[in-house]
Amino acid sequence: MSSADQRWMGAALALASRGQGRTHPNPSVGCILVRDGITVGRGWTQPGGRPHAEAMALAEAGSAAKGATAYVTLEPCAHVSSRGPACADLLVASGVDRVVAAVTDPDLRTNGKGLGRLAAAGVQTVSGVREREARATLAGFLTRLVLGRPQVTLKLATSLDGCIARADGESRWITGPQARAHAHLERSRHEAILVGRGTWEIDRPALDVRLPGLEDRAPQRVVLSTRETGDDVFQLSAPMEIARLPADHLLVEGGAGVASAFLSADLVDRLLLYRAPILIGDGRHALGDIGLGALADAHDRWAMIDSRQLGSDRLEVYERVRCSPGS
C-alpha cells in the first residue's frame, strides 16, 4: 500500500467518526472519492443508517466519480436492502477504477462478496489499509455482530485516591470544565447511556449532551433497576440484558454499584478514567467488589490506548485485552 493510500484512508476514517452513535443498526462508515489527487466526493453513514457513506460520496461526485479511487473504511455492502441498493453495485455503475477498503465486512451477507463483485467488474481492489484504526471506529458494530450486544464504555471521574464523592455524597464537581466537556463529547458518540437506580433517583441526572451544536445527540437514557422507576427511560434489571438495547455503543456512567456490576460480569470493553488532582480521603470509592478472585487475575486485562491532559485533570483510556470482540 502506498503512502497516498494511507493518507486518504485517514481522511475516510475521520469522516466515519462523524456518524458514531447515530447509525444503528448500520455501522458508521466513511468514504472519500479521489481523482488525480483531488477529492471529488465525500460521505459518511447518515443517522439511522442510510444513506450509506458510498452512496453519499457518489451523489456528491456525480460524473467525476468515473476513473476515481474510492477509499472506504468498510468493505462496500453486497446485499440489496429495501432501504437502498448495494454499494458495490453503485460503485461499479459509477465507473470508479479502484476501491481501497480498510476492513472486510464480517457480515455474512457481504463478507468478501462486495470486493469480489467489484473485482469481477474489472475494478482494482485493495483491503487492509489502516485496518487496526478502522476496527476501532467499527468496534460497536463488530461487538454487536460477534457478541450480540453493544460495546460498553465505563466512565469514571475520580480523585487521586479513587473517590467519586465525599462521604456525604457531594460530588459536584470532582473534575473541571474541560474534562466535563470531553465527557459530553463521549455521550454524543453513544446511542445509550446507563446509570443505576440510586443515581437516577437521588441525582436526577439529565444525561444529555450540553455542547453547542451537539444538543440533538443526547443518547437514550437507561436505568439499571429491578424496580419500576415510573419514568420515561429504558429499564434493565441486570447488566446482561444490554443485548436488548437498540444500540451499538453503551456508555455506563454511574454509580459505584453499577460500575462494579458491569466489571464483575466482564462486560466493559473500554474504560474512560478522568482523574482530578485532588484528595478526598474518607469518601465514596469508585468501585466495590468486582469479583476478583486473586491479585494475579487483575493483571494483563487492560491496555492504555490514550492519555491526555484536560485542563488540570488527566484522562486515561483503556481497552479490555481480548483476542477478538468475542473472547
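**Pockets, hairpins and a buried helix face**

Reader: Which residues lie nearest the centre of the largest cavity?
Author: The largest cavity is lined by 15 residues, and the model it is found in is a predicted one. Of these lining residues, the ones nearest the centre are Pro27, Ser28, Phe141, Asp248 and His249.

Reader: How much space lies in the largest cavity?
Author: The structure holds one cavity of 30 Å³ or more. The space in this largest cavity comes to about 60 Å³.

Reader: Which helix gives the largest share of the lining of the largest cavity?
Author: By class, that lining has four nonpolar, nine polar and two charged residues. Three of the lining residues belong to one helix, spanning residues 139-147, and this is the largest share. The helix is helix 6.

Reader: Now for the pockets: which residues that line the largest pocket are the closest to its centre?
Author: The largest pocket has about 1200 Å³ of space. Its lining counts 37 residues, and the closest to the centre are Ala136, Ala139, Gln151, Ile305 and Glu319.

Reader: Which helix gives the most to the lining of the largest pocket?
Author: Several elements give two or more residues to this lining, among them helix 1 (3-17), helix 7 (177-188), strand 14 and strand 15. The lining divides into twelve nonpolar, twelve polar and 13 charged residues. With five residues, the element that gives the most is helix 5.

Reader: What volume does the second largest pocket have?
Author: This pocket is lined by 36 residues, and Ile164, Ser171, Thr199, Asp203 and Glu253 lie nearest its centre. Its lining has 17 nonpolar, eleven polar and eight charged residues. The volume is about 1000 Å³.

Reader: Which helix gives the most to the lining of the second largest pocket?
Author: The elements that each supply at least two lining residues include strand 6, helix 8 (197-203), strand 11 (249-254) and helix 9 (256-264). The greatest contribution is five residues, and it comes from helix 7.

Reader: Why do the buried residues of helix 4 line one face of the helix, and within what arc do they fall?
Author: Helix 4 covers residues 113-120, and its buried residues are Gly114, Leu115 and Leu118. Looking down the helix axis, these buried residues line one face because they fall within an arc of 95 degrees.

Reader: What covers the buried residues of helix 4?
Author: The helix is followed by Gly122, whose phi is positive, near 90 degrees. As for the cover over the buried residues, it includes helix 3 (87-94), strand 4 (98-103) and strand 5 (124-127).

Reader: How many bridges join strand 14 to strand 15?
Author: Strand 14 (residues 302-310) and strand 15 (residues 313-320) run antiparallel. The number of bridges joining the two strands is eight.

Reader: Which residue in the turn between strand 14 and strand 15 has a positive phi?
Author: The two strands form a hairpin, with two residues between them. In that turn, a positive phi of about 65 degrees belongs to Gly311.

Reader: Which residue in the turn between strand 1 and strand 2 has a positive phi?
Author: Strand 1 and strand 2 (residues 38-44) pair in the antiparallel sense over six bridges. Across this pairing, Arg35 stands opposite Ile38 in strand 2. The strands form a hairpin with two residues between them, and the one with a positive phi, about 55 degrees, is Asp36.

Reader: What does Arg18 touch, not counting residues up to four places away in sequence?
Author: Arg18 sits in the loop between helix 1 and strand 1 (30-35). At a relative accessible area of 38%, Arg18 is partly exposed. Setting aside residues up to four places away in sequence, Arg18 touches Arg42, Trp44 and Arg217.

Reader: Is Arg149 buried or exposed?
Author: Arg149 lies in the loop between helix 6 and strand 6. Not counting residues up to four places away in sequence, its contacts include Thr143, Ile242, Asp266, Asp269 and Arg322. The cut-off for buried is under 20% relative accessible area. Arg149 has 7% relative accessibility, so it counts as buried.

Terms used
Residues are numbered from 1 along each chain as its sequence is written. This is a predicted model: local features need pLDDT of at least 70, side-chain atom pairs count only at pLDDT 80 or more; totals for chains, interfaces and linings use all residues. Side-chain values use heavy atoms; hydrogens and water are left out. On a 1 Å grid over the protein atoms alone, a cavity is a set of points where a 1.4 Å probe fits but cannot get out, and a pocket is an open set with protein on both sides within 12 Å along at least five of seven lines; lining residues have an atom within 4 Å of a point. Grid points are joined across faces, edges and corners, and a volume is the space filled by probe spheres set on the points. Helices (H or I, at least four residues) and strands (E, at least two) are DSSP runs, numbered from the N terminus. Ala, Val, Leu, Ile, Met, Phe, Trp, Tyr, Cys and Pro count as nonpolar, Asp, Glu, Lys and Arg as charged, and the others, Gly among them, as polar. Buried means under 20% relative accessible area, exposed over 50%, partly exposed in between (1.4 Å probe, protein chains only). The arc is that of the directions from the helix axis to the C-beta atoms. Contact means heavy atoms within 4.5 Å. Two strands pair if DSSP finds at least two bridges between them.
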